[in-house]
Amino acid sequence: MRTLHVDLGDRSYPIYIGPRLLGDAELYRRHIVGRQVMVVSNETVAPLYLEPVVGALGGYQVESVILPDGEAYKTLEVLNYVFDALLTHRFDRRCTLLALGGGVVGDMAGFAAACYQRGVSFVQVPTTLLAQVDSSVGGKTGVNHRLGKNMIGAFHQPLCVVADTDT
């Protein structure tokens, strides 16, 4: 495993790169803040990778929300699925969202984390090469509007990025 550091002062975070990282419980434990973890994924990625991630999160209250797959679903309407899941399961201010998927999932989970209770922690677990080198780095989060792409969003840095090269 290689570790890179994004140096942003008090908002700095590590990027872990290597094979077999999805199920590395210690890697997650170093960064998860509270006892509640909401895994945000989509209908394509979840069947492939949700199980090892949830398995690595033993000891936490873990819930998941599975979004439809694709850029067409990167909307405020679909973002409400994440908020509905957080509120239904009574997630508190010390929860952590974990984005498991490509760029759309990362953008939406990060934006949900930026907004929920005025900002909670999140971890990026990008599963596509593009997301590993672009959308998971820099804290860019958001959704599309019918009048423009990525027009509603926030900069919200992750606690860490776990880039498993096996995905």
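Student: What percentage of the 167 residues of the protein count as buried, and where does Asn42 sit?

Tutor: The model is predicted, so local features need pLDDT of at least 70 and side-chain atom pairs count only at pLDDT 80 or more, while totals for chains, interfaces and linings use all residues. Residues are numbered from 1 along each chain as its sequence is written, and side-chain values use heavy atoms, leaving out hydrogens and water.

Of the 167 residues, 51% count as buried (under 20% relative accessible area with a 1.4 Å probe, protein chains only; exposed is over 50%, partly exposed in between). The accessible surface comes to about 8,100 Å² (Shrake-Rupley method, 1.4 Å probe), and carbon and sulfur atoms hold 53% of that surface.

The protein has five helices and nine strands (DSSP runs numbered from the N terminus: H or I of at least four residues for helices, E of at least two for strands). Along the sequence, their order is β-β-α-β-α-β-α-β-α-β-α-β-β-β. The radius of gyration is 14 Å, close to the 15 Å of the globule rule for 167 residues, so the protein is as compact as a globular protein of that length (the radius is taken over C-alpha atoms; the rule is 2.2 Å times the number of residues to the power 0.38). The C-alpha atoms fill a box of roughly 40 × 35 × 30 Å along the principal axes. Among contacts (heavy atoms within 4.5 Å) between residues at least 6 apart in sequence, 74% join residues at least 24 apart.

Now the single part. Asn42 belongs to strand β3, residues 36-42. Asn42 counts as buried because its relative accessibility is 5%. Leaving aside residues up to four places away in sequence, Asn42 touches Pro47, Ile66, Leu67, Pro68, Asp69, Leu100 and Val105. With Asp69, the side chain of Asn42 makes a polar contact of 3.2 Å (a pair of N or O atoms within 3.5 Å, one able to donate a hydrogen and the other to accept it within protein; residues adjacent in sequence count only if both atoms are side-chain atoms). A polar atom of the Asn42 side chain also lies 2.9 Å from the backbone nitrogen of Thr44. Ala109 is 67 residues from Asn42 along the chain, and their C-alpha atoms are separated by 11 Å.
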